[in-house]
Amino acid sequence: MFVRTLNSVLEQHIAGVPGVLAVLIGRTTDGATIAEINYSGNSFESDSLSSLGVYASDLLQANSRVCKLVDAASEADYLLAGSTAVRLVIKAFSETPYFVLFLTKANTNLKLVFERIKAILADGKPLLPPVQDNSSSVAQLLLSYARRYAPDPNFVTLRLSLKTGLHRERLEKGQLNEQEVRILYKAVADLVGMERLPVASP
């Protein structure tokens with residue numbers, strides 16, 4: 001008996017689309033990849049694919065904030081990015097914290113890609129993992145964001161501990177109350193030189 005998985009859904013709907021380098025399904029909250037197909041061979045390592053999921057998450061969260069400025073009930077739609085060589089197409093699963101991402105060659109037919117994305121959204125949504133409500137997740141997302149974008153990522157936890165007065169071990173575990181998360185948010189924003197971060201503040 002064949003059991004459908006998110007990876008099998010990706011494989012099914014990628015078939016017949018030339019120029020696809022990689023496809024993944026990730027979590028908007030932290031960019032973690034939960035299903036992926038990599039056709040690019042040695043030119044695109046698995047670590048790079050994970051990083052791509054993380055940056056896609058940041059793009060979606062930032063775009064969602066822009067959408068909500070115009071209409072509080074709106075959700076992020078298709079996002080396009082890339083260069084003269086490659087294109088990145090991202091689409092969020094509606095009413096979930098997940099997204100699908102296509103990395104293609106620049107000459108790939110986008111109409112085909114959009115059709116396949118719609119099919120993946122429809123077939124993949126019932127297979128998505130359940131959303132887990134974790135009160136410490138915002139603190140962990142903030143620390144993860146700081147590690148990606150702050151200077152000297154190896155010393156981020158130490159710097160944030162000194163800046164906030166919060167113990168390093170508590171920062172690592174994300175066991176913070178709402179007031180402490182607000183303090184951490186401000187410290188991370190200062191560290192990366194931004195007023196607002198693409199992480200929802202409490």
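1. Strands here are DSSP runs of E with at least two residues, helices are runs of H or I with at least four residues, and both are numbered from the N terminus. Two strands count as paired if DSSP finds at least two bridges between them.

2. A word on what you are looking at. This is a predicted model, in which local features need pLDDT of at least 70 and side-chain atom pairs count only at pLDDT 80 or more, while totals for chains, interfaces and linings use all residues. Residues are numbered from 1 along each chain as its sequence is written, and side-chain values use heavy atoms, with hydrogens and water left out.

3. Now the overall plan. The chain has seven helices and five strands, and from the N terminus its elements run α-β-β-α-β-β-β-α-α-α-α-α. Of the 202 residues, 43% are buried; buried means under 20% relative accessible area, exposed means over 50%, and partly exposed lies in between (1.4 Å probe, protein chains only). The accessible surface of the chain is about 11,100 Å², and carbon and sulfur atoms account for 53% of that. These areas come from the Shrake-Rupley method with a 1.4 Å probe, and for residues only the protein chains shown count as cover.

4. As background, strands of a sheet pair through backbone hydrogen bonds, either parallel or antiparallel.

5. Strand 1 (residues 20-27) deserves a close look. Seven of its eight residues are buried, so strand 1 is largely enclosed by the rest of the structure. Seven bridges join strand 1 to strand 5 (residues 98-105), and five join strand 1 to strand 2 (residues 33-38). Leu-24 shows both sides of this: Leu-101 in strand 5 stands opposite Leu-24, and so does Glu-36 in strand 2.

6. Follow the chain from strand 1 to strand 2 and you will find a hairpin with five residues between the strands, where Gly-31 in the turn has a positive phi of about 80°. Thr-28 lies in this loop. Is Thr-28 buried or exposed? Thr-28 is buried, with a relative accessible area of 14%. Setting aside neighbours within four places in sequence, its contacts (heavy atoms within 4.5 Å) are Ser-57, Leu-60, Gln-61, Pro-97, Tyr-98 and Phe-99.

7. On to strand 4 (residues 86-92), which runs antiparallel to strand 5 and is joined to strand 5 by seven bridges. Leu-88 has Leu-103 in strand 5 as its bridge partner.

8. Next, the rings. Rings of Phe, Tyr and Trp (its six-membered ring) pair if their centres lie within 6.5 Å; planes under 30 degrees apart count as stacked, over 60 as edge-to-face, and the rest as tilted. This rule gives one aromatic pair. Why is the pair of Tyr-78 and Phe-114 called tilted? The ring centres are 4.8 Å apart and the planes lie at 55°, so the pair is tilted. The two residues are 36 apart, with Tyr-78 in the loop between helix 2 (46-70) and strand 3 (79-82) and Phe-114 in helix 3 (residues 110-124).

9. Tyr-78 has another neighbour. The charged end of Lys-91 sits over the Tyr-78 ring, 5.6 Å from its centre. A charge sits over a ring if NZ of Lys or CZ of Arg is within 6 Å of the ring centre and within 35 degrees of the ring normal. Tyr-78 is partly exposed at 25% relative accessible area, and Phe-114 is partly exposed at 25% too.

10. Finally, visit Leu-160 in helix 5 (residues 156-164). Leu-160 counts as buried, at 0% relative accessibility. Leaving out residues up to four places away in sequence, Leu-160 touches several residues, among them Leu-143, Leu-171 and Leu-191. Ala-187 is 27 residues away along the chain, yet the C-alpha atoms of Leu-160 and Ala-187 are separated by 6.6 Å.
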